[in-house]
Amino acid sequence: MYSMELYLGWILFTTPIQLSVPTGLTADNLTSTTTRIGWNAVDNAQGYKIEYRPSGSDTWNEETVE
């Protein structure tokens, strides 16, 4: 004999909102190994994903800034 219980509860869905693109991108303190970047923060952004590639490399790296 086989039996099964099924529970159907509430499921909460959230719809993400489209955020603005950051503005005011700056880069300074450029050396052969480092740089400093900055931008104007966007309202409601919970973090930023930065992708970069060292000179001469084919591989992109990713960092998350919260």
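Leaving aside neighbours within four places in sequence, Asp28 is in contact with Thr35 and Arg36, where contact means heavy atoms within 4.5 Å. The model is predicted: local features need pLDDT of at least 70, side-chain atom pairs count only at pLDDT 80 or more, and totals for chains, interfaces and linings use all residues. Residues are numbered from 1 along each chain as its sequence is written, and side-chain values use heavy atoms, with hydrogens and water left out.

- Asp28 belongs to strand 1; strands (E, at least two residues) and helices (H or I, at least four) are DSSP runs, numbered from the N terminus.
- With a relative accessibility of 37%, Asp28 counts as partly exposed; buried means under 20% relative accessible area, exposed over 50%, and partly exposed in between (1.4 Å probe, protein chains only).
- Between the C-alpha atoms of Asp28 and Gly38, which are 10 residues apart along the chain, the separation is 8.8 Å.

**Overall architecture**
- The protein has 0 helices and 4 strands, and its elements follow the order β-β-β-β from the N terminus on.
- Of its 66 residues, 6% count as buried.
- Among contacts with a separation of 6 or more, 9% come from residues 24 or more positions apart.
- The protein exposes about 6,900 Å², of which carbon and sulfur atoms supply 53%; these areas come from the Shrake-Rupley method with a 1.4 Å probe, and for residues only the protein chains shown count as cover.

**Loop residues with positive phi**
- Most residues other than glycine have a negative phi.
- Asn29, although not a glycine, has a positive phi of about 55 degrees.
- Asn29 is located in the loop between strand 1 (23-28) and strand 2 (36-40), and is partly exposed at a relative accessible area of 47%.
- Asn44 is likewise not a glycine and has a positive phi of about 75 degrees.
- The loop between strand 2 and strand 3 (48-52) holds Asn44, which is exposed with a relative accessible area of 61%.

**The aromatic pair**
- The count comes to 1 aromatic pair; rings of Phe, Tyr and Trp (its six-membered ring) pair if their centres lie within 6.5 Å, and planes under 30 degrees apart count as stacked, over 60 as edge-to-face and the rest as tilted.
- The ring centres of Trp39 and Tyr48 are 5.1 Å apart and their planes stand at 65 degrees, so this pair is edge-to-face.
- Trp39 is partly exposed, with a relative accessible area of 25%, whereas Tyr48 counts as buried at 19% relative accessibility.
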